[in-house]
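Visitor: I would like to understand where the words used for this structure come from. Could you take me through them slowly, setting each value beside its definition?

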Amino acid sequence: MPGERLTVRGTSEIGRFPGAAPPTRVELTIHKEGEKKQEEGGCRRWFKKMCPCCIKRQTSTSYDVTDKVDLIKPPAPAPAPAPEPVKPKPENGDAKEMEEIKLTVRSVDLLSSKTGQNRLEHHTDLYHGEELIIRRGQTFQIELELNRPFNADTDKLHLEMKTGPLPTVSKGTHAIIPLVDHLEDERWEAKVVEQSGNKVKLSVNSPSNAVCGLYGLAATSTSSTAEAATTHNASKNIVMLFNPWCEEDTVFLDDEEERKEYVLNDTGRIYYGTEKQIGARTWNFGQFHEGILEACLFILEKSDMPASGRADPVNVVRVISAMINAQDDFGVLVGNWSGDYSDGVSPAAWSSSVEILRKYHSSDGTPVSYGQCWVFSGVTTTVLRGLGIPARSVTNFQSAHDTDVSLTTDVYLDENMDPIDYLNSDSVWNFHVWNDCWMARPDLPPGHGGWQAVDSTPQETSQGTFRCGPASVNAIRSGQVYLKHDTPFVFAEVNSDKIYWQRNLDGSFSQIHSEKKAVGHFISTKAVGSDERADITHLYKHQEGSEEERIAVETASRYGSKPNTYSTPMAEDVSVEVRMEGEGPRMGADAQLSILVKNLSSQPRKTTLHSQAAVMYYTGVLKDTIKKEQILVELLPNEEKTIEWMLPYQQYQNQLVDQAALMLTLSGRVSETQQVLANQTSFRLRTPDLSITPLGEAVVGKEMAAKITFTNPLPRMLKAVVFRVEGLGLQKGHEVVVGDVSSHSTVTLTEHFIPTQPGPRKLVASLDCKQLSQVHGVADIIVLEQ
C-alpha cells in the first residue's frame with residue numbers, strides 16, 4: 001500500500017503563530033510503472049524525535065533541533081557592590097552637595113534589539129537572538145542608567161571589555177575604554193552623545209584590528225569625592241565580528257553586491273561531477289540560523305587558539321580549516337570515503353550546514369558523521385561568513401592531489417607500460433571543493449591580497465595538522481609557491497602537469513610523456529546575485545598553453561622535489577582525445593563515448609590503443625576495472641579517425657560507488673616515432689533531479705504545501721530510500737523514510753508547512769539510498785508578509 005513505509009524524523013518549526021496547525025505534514029505516494037495512480041490518504045504518523053548518530057557520543061541526551069543553544073559565556077564576574085542609598089537632591093540645587101552623592105551605575109542597556117540602530121548599522125540584524133552583535137572598527141551605542149545625573153566636570157566614567165579566559169591589556173583581550181570629547185579612529189574610546197536625567201547614551205568606538213569573539217562589558221564610575229570606584233557588569237554579552245564594511249579591516253570588501261553575496265547570503269550553490277558534466281546542488285549555509293553563531297564561537301573555543309590570535313583573519317581561517325575536519329583535533333566532521341555510512345549520515349544526503357553545526361555544538365564537540373569535500377566546504381563557508389569573513393565554496397574539476405611535493409602529477413609505468421600501483425600515489429579527483437576567503441595579506445609581498453584558497457578536507461598535513469591555506473590565489477596564478485600557506489599544494493591541484501615515467505631495465509625512470517592541460521578545469525563558484533555558475537579559472541591560472549602559464553608552471557616546479565622535470569622537450573604529432581554527446585551518459589543506460597585520433601604529420605602513423613574502464617571514487621581512487629580492450633589504429637598522413645566506444649549497463653550496474661564516476665584510460669605508442677599516447681577521461685552517469693512544485697500561496701504564518709516527485713531511472717529496485725527536506729524560513733530539516741522503490745516507479749511526496757520568514761526562500765530536498773546518490777532538487781519560493 002502506498003505510504004505504509006512512511007516515517008518522518010526530525011522536529012517541526014514551532015512557529016510564531018498561536019493556534020496554527022502542526023507546521024509540517026507529509027503525504028507519500030509511490031506509483032509503479034504502468035500502475036494507475038491513487039489518491040493518498042493522510043499521514044500515518046506524527047513526527048517523532050530522533051537521537052542523532054554521531055561517533056564517540058559523550059552523553060545520552062537526545063538532540064532536538066528546536067532546542068535553544070546558548071552562547072558560551074566567560075565566567076560570571078563578581079556581583080557589583082550594592083549602590084549606596086541615593087541622597088535626596090538639595091532643594092537649593094547646591095552642586096557641591098551633589099558631588100557628595102557617590103556616582104554609581106544602576107544598569108547597562110546594550111541596545112541590542114535586532115531592529116535597533118546597532119544591529120542595523122552593523123549589518124547583524126539577520127542573526128538570531130537579541131544579543132549585541134557588532135563588527136569591529138565601527139561605533140555602537142549603549143545606554144547607562146545612573147543613580148543621579150552625570151556631571152562631566154566632576155564625575156569619571158570608563159568602560160572595560162574583556163574576552164578570553166585570561167584578559168590582558170597588552171594582548172588586546174582587555175580593552176579599557178575612556179570617555180573622550182571627540183572620537184578618533186583606530187582606538188577604543190567612548191563619548192557621551194545624549195543625556196536625559198539619570199540616563200546617558202554613549203557612542204563607543206572599537207579599532208579595526210580588535211580581537212573578535214565574545215566579550216563581557218563593565219562600566220566603572222567614580223566622582224571626585226568618592227573613596228573608591230564602583231563597577232557594574234552588563235547582563236548580556238557582546239559578540240565582536242570581522243567587518244567587511246570597514247576600510248581599515250583586513251577583510252574589507254569594496255563592493256556592496258559582493259558583500260551581500262559572500263557575507264550576508266545564507267544559501268548558495270556547490271558544483272560537482274566532471275568537467276564535461278557539471279552538476280550543481282543548493283546548499284543552505286544558514287549562518288544566521290538559531291544557534292549557529294554560538295556554534296561558530298564554540299569552534300574557536302574548542303580549537304584552543306589563544307584569544308589574542310582572533311584579531312588576525314589569517315590565523316582564524318587557518319584554525320577553521322583544521323577544525324572543520326575531525327582528523328586530529330576532534331573537529332566538526334568525520335571524513336568518510338568508504339561507501340559505508342550506516343552509523344551516520346551519507347555525505348551526499350546533507351544539504352545544509354545547520355544540522356551539522358548544531359549537532360556538533362549540542363554534543364559538546366563530538367564530531368559529526370560523515371563528510372566529504374563539498375560538506376567540509378559548505379560548513380567552512382557557514383563558519384567564515386558567520387564570523388564576518390567573506391567566503392565562497394569553489395569547485396575545481398580534474399583536481400590533482402600531489403603527494404610528494406613534486407608539483408607534478410606523476411604516473412609510473414613498468415617496462416610493459418603497465419601502471420606500477422605502489423608508486424602511483426598521486427591522483428586526480430573528478431572534482432574537489434574547497435573555499436575562497438577574502439582578505440588583505442600584509443604578511444605577504446604587495447599584490448597578494450584578495451581571494452585566498454582554504455581547504456578543510458583532510459588530505460595532507462600542514463605544519464603537523466590536517467589543514468590547508470590560506471594561500472594567495474594571485475601567488476598560485478603566478479607560480480610563487482614559496483609564499484605561505486600551502487601554496488604548492490593548491491598550485492598542484494589546479495595547474496600541475498601530468499608526467500608519465502617508464503621504468504628502465506636498470507630500475508631508473510625516464511620521462512616518456514607529459515600532459516600540460518590535464519588538471520584544473522572549469523574552476524567554479526556561484527555567481528554574485530544569481531544562481532548561475534561563475535567560471536573563475538582565470539583567477540587561478542593564466543590561459544592554458546600561454547607563455548605566462550608555462551612560465552608559472554616552470555617557476556613553481558623549480559621549488560618542487562623534481563626541479564629538472566622540464567629539461568627534456570617532447571615531440572608530438574599524433575593526438576588522442578575523448579568526446580561525449582550532449583550532457584553525457586545517463587544512469588541506467590549504456591555509456592557511449594567517441595575516441596578521436598589525429599595524425600598531424602605528413603607521414604602515415606600506426607598505434608595500438610590500450611583502453612581500460614574503471615569505476616572510480618570522485619577523489620580519483622580507482623575501485624575496480626570493469627572493461628579492457630585493445631584498439632588497432634592506422635592513420636594516413638593528416639588523417640583523423642573517430643572510434644565509437646561503449647560500456648553496457650550490465651557491466652557497471654553492480655560496481656558503482658557514491659558519485660557514479662568512471663574513468664577511461666587510453667595509452668599506446670606510435671610505431672614510427674615511439675611517441676607515447678596517453679589520455680585519461682573521467683565521466684559520471686547523470687542522475688535525475690527531484691522535481692519540487694510549490695502548492696498554494698506562500699504567506700508568513702499560513703500553511704502551504706510542496707509536491708516532490710522522483711522517478712527511479714534504474715531497471716532495478718532502490719532499497720531503503722530516504723528523503724531529506726529543509727527550507728530556511730520554511731521548515732526545519734527532517735527525514736522521510738520512503739522504503740523500497742521498484743524499477744521505474746514514481747514517488748510523490750507532499751510536504752505541508754508554515755513559512756516563518758518573508759522574502760525569497762529555497763526549499764531543498766535530497767534523496768539518499770545505497771544504489772543512487774546525488775539526487776536532489778530545489779524550489780524557489782517567495783514568501784509574502786502576513
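Guide: Let us begin with how angles are taken: axes are lines fitted to C-alpha atoms, for helices over the stretch in contact, and angles run from 0 to 180 degrees between N-to-C directions. Helices are DSSP runs of H or I with at least four residues, strands are runs of E with at least two, and both are numbered from the N terminus. This is a predicted model, in which local features need pLDDT of at least 70 and side-chain atom pairs count only at pLDDT 80 or more, while totals for chains, interfaces and linings use all residues. Residues are numbered from 1 along each chain as its sequence is written, and side-chain values use heavy atoms, with hydrogens and water left out.

Visitor: Why are helices H5 and H7 called roughly antiparallel?

Guide: Helix H5 (residues 313–323) and helix H7 (residues 373–387) pack at an angle of about 150 degrees, with axes 10 Å apart. Angles under 35 degrees count as roughly parallel, over 145 as roughly antiparallel, 65 to 115 as roughly perpendicular and the rest as oblique, and H5 and H7 are therefore roughly antiparallel to each other.

Visitor: Which residues of H5 and H7 meet?

Guide: Val316, Val317 and Ile320 in H5 meet Thr380, Val383, Leu384 and Leu387 in H7, where contact means heavy atoms within 4.5 Å. By class, this contact has 6 nonpolar, 1 polar and no charged residues; Ala, Val, Leu, Ile, Met, Phe, Trp, Tyr, Cys and Pro count as nonpolar, Asp, Glu, Lys and Arg as charged, and the others, Gly among them, as polar.

Visitor: What makes Ser514 buried?

Guide: Buried means under 20% relative accessible area, exposed means over 50%, and partly exposed lies in between, with a 1.4 Å probe and protein chains only. Ser514, which lies in strand S25 (residues 509–515), has a relative accessible area of 7% and is therefore buried. Leaving aside neighbours within four places in sequence, Ser514 is in contact with Lys498, Ile499 and Glu572.

Visitor: How do you know that Val783 counts as buried?

Guide: Val783 has its place in strand S41 (residues 772–783), and its relative accessibility is 3%, so Val783 counts as buried. Not counting residues up to four places away in sequence, Val783 touches several residues, among them Val700, Leu730 and Pro755. Val783 and Val700 are 83 residues apart in sequence and 6.4 Å apart in space, C-alpha to C-alpha.

Visitor: What makes helix H6 mostly covered?

Guide: In helix H6 (residues 354–362), 7 of its 9 residues are buried, including Val354, Arg358 and His361.
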